[in-house]
Amino acid sequence: MTSVQPNWLTPQAYARLHQELATLQDLCDGNTFGDATEENAAAVQRAWRLRMQRIHDLLAHAVVGEDPPDDGVAEPGMVLTVRYNDTGDVETFLLGARGAEYADVEVYSTHSPLGSAIAGARPGEQRTYVLPGGGRLTVTLLDAVPYGAYRARTN
């Protein structure tokens, strides 16, 4: 049996996605393509419908604004700070749903190579993942805080 992983979204991202879905629906219903050729209009219509399906899927499995427990475990809804062991570079990002556009922090999906590797880690743990080109990177989780606590800390 296949289980569907919930998509963690901020209330703002949830509202933006609903608005985008309504706008796309209005565009599709209006069929206003101006001087576009029939082929171009069909391509635009397909792109809109694909985006609408993606948004629908995100919203159908959304967990909105509920911060995960502040237990330091890397999971959706947590803002993670990692160090790339090879370079020493440090990066902070939200483990959440791609396509939901968070303005204040980069988002990595749990389906991304880094997101899937770091999920479940605790501060101090190292994880190695494979890049799309075949290379390997090792990161160390430095910090994991709920998105709400991160926002309170940075505002």
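Phe93 and Tyr108 are both buried, a term that stands for under 20% relative accessible area, with over 50% called exposed and the range in between partly exposed (1.4 Å probe, protein chains only). The model is a predicted one, in which local features need pLDDT of at least 70 and side-chain atom pairs count only at pLDDT 80 or more, while totals for chains, interfaces and linings use all residues. Residues are numbered from 1 along each chain as its sequence is written, and side-chain values use heavy atoms, without hydrogens and water.

The structure holds 2 aromatic pairs. Rings of Phe, Tyr and Trp (its six-membered ring) pair if their centres lie within 6.5 Å; planes under 30 degrees apart count as stacked, over 60 as edge-to-face, and the rest as tilted. Phe93 and Tyr108 form a stacked pair, with 4.4 Å from centre to centre and 20° between the planes. Because Phe93 lies in strand β4 and Tyr108 in strand β5, this pair ties together parts that are 15 residues apart in sequence.

Next comes the chain as a whole. It has 4 helices and 7 strands, where helices (H or I, at least four residues) and strands (E, at least two) are DSSP runs numbered from the N terminus. Starting at the N terminus, the order of elements is β-α-α-β-β-β-β-α-β-β-α. Of the 155 residues in the chain, 37% are buried.

Strand β3 (residues 78-84) pairs with β7 (residues 136-146) in the antiparallel sense over 7 bridges. Within that pairing, Met78 stands opposite Pro146 of β7. Thr128 has Thr138 in β7 as its bridge partner. The hairpin of β6 and β7 has 5 residues between the strands, and there Gly134 takes a positive phi near 105°.

A nonpolar core is a set of buried Ala, Val, Leu, Ile, Met, Phe, Trp, Tyr and Cys residues joined through side-chain atoms within 4.5 Å. The largest one has 17 residues, and among those with the most contacts inside it are Phe93, Leu114 and Leu141. At least two residues of this core come from each of β3, β4, α3 (113-118) and β7. Apart from neighbours within four places in sequence, Leu114 is in contact with Tyr84, Phe93, Tyr108, Tyr129 and Val139. A second, separate core has 11 residues, including Leu9, Leu17, Trp48 and Ala97.

Key
Two strands pair if DSSP finds at least two bridges between them. Contact means heavy atoms within 4.5 Å.
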